[in-house]
Amino acid sequence: MGSDSETEKSAHKERERKKFLALAPIAKPLAGKKLCKRTLKLVRRAAEHKCLKRGVKEVVKSIRRGNKGLCVIAGNISPIDVITHVPILCEEADIPYIYVPSKEDLANAGATKRPTCCVLVLTKPTKGEIAQDEQEKLKGDYDQVASEVSELANSMF
């Protein structure tokens, strides 16, 4: 009975280790465990309220149109060239961005089955409106994560 959970634990540890082995060297600033959880929670909430742009094409288009938000990029993309221009766009547009270790986790949080390279969390939906209290909850989560991301980015340079 006890050995079963042990093998599960080691399998889980192995998966976590593989995630970090697949990380691209440019994946900085990378969210730590806590920030990663919080960021994915924010992405999940944004997806529920249709405040999410998924995929490189949508994110780039959104940034070029001047939408503000928080960009979350997966760190285990291969080939990495697919997303190398996204951080530069974010910096030029003054948009905070953070890397998370896994594209699969990002897709789960973003409510899609396909692994997702990057998402842009918007503070308000592009179409329609959401309830005021929901908007405030989302904004609160967003502000907390965005400030932590900015701190992390500032400590790098």
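Where is the place of P79 in this chain? P79 sits in the loop between β2, residues 69-74, and α4. Before I go further, note that this is a predicted model.

The peptide bond that joins S78 and P79 is cis, with omega at about -5°. A cis peptide bond also joins K28 and P29, and there omega is about 0°. P29 is in the loop between α1, residues 2-21, and α2, residues 33-48.

One other backbone item. D94 has a phi near 65°, which is a positive value in a residue other than glycine. D94 belongs to the loop that runs between α4 and β3, the latter being residues 97-100.

Let me turn to the helix itself.

Helix α4 covers residues 85-92, and helix α3 covers residues 55-64. Their axes come within 10 Å of each other and cross at roughly 20°. Angles under 35 degrees count as roughly parallel, so α3 is roughly parallel to α4. As for handedness, the crossing of α3 and α4 is left-handed.

Which residues in α3 meet α4? On the α3 side they are V56, V59, V60, I63 and R64. On the α4 side the partners are H85, V86, L89 and C90. By class, the contact of α3 with α4 consists of seven nonpolar residues, one polar and one charged.

Next, the second largest pocket. The space in the second largest pocket is about 170 Å³. Its lining is made up of 12 residues, and E91, I95, P96, Y97 and A153 are the closest to its centre.

Which elements give two or more residues to that lining? They are α4 and α6, where α6 spans residues 132-156. The most comes from α6, which gives four residues. Sorted by class, the lining has eight nonpolar, two polar and two charged residues.

To put the α4 items side by side: α4 meets α3 through residues including V86 and L89, and α4 is also one of the elements that give two or more residues to the lining of the second largest pocket.

Technical notes
Residues numbered from 1 in each chain as written. Predicted model: local features only at pLDDT ≥ 70, side-chain atom pairs only at ≥ 80, totals over all residues. Heavy atoms only, no water. Axes fitted to C-alpha atoms, helices over the stretch in contact; angles between N-to-C directions. Parallel < 35°, antiparallel > 145°, perpendicular 65-115°, else oblique. Left-handed = near helix turned anticlockwise from the far one by under 90°. Contact = heavy atoms within 4.5 Å. Nonpolar A, V, L, I, M, F, W, Y, C, P; charged D, E, K, R; others polar. 1 Å grid on protein atoms, 1.4 Å probe; cavity = no way out; pocket = protein on both sides within 12 Å on 5 of 7 lines; lining within 4 Å. Points joined across faces, edges and corners; volume = space filled by probe spheres on them.
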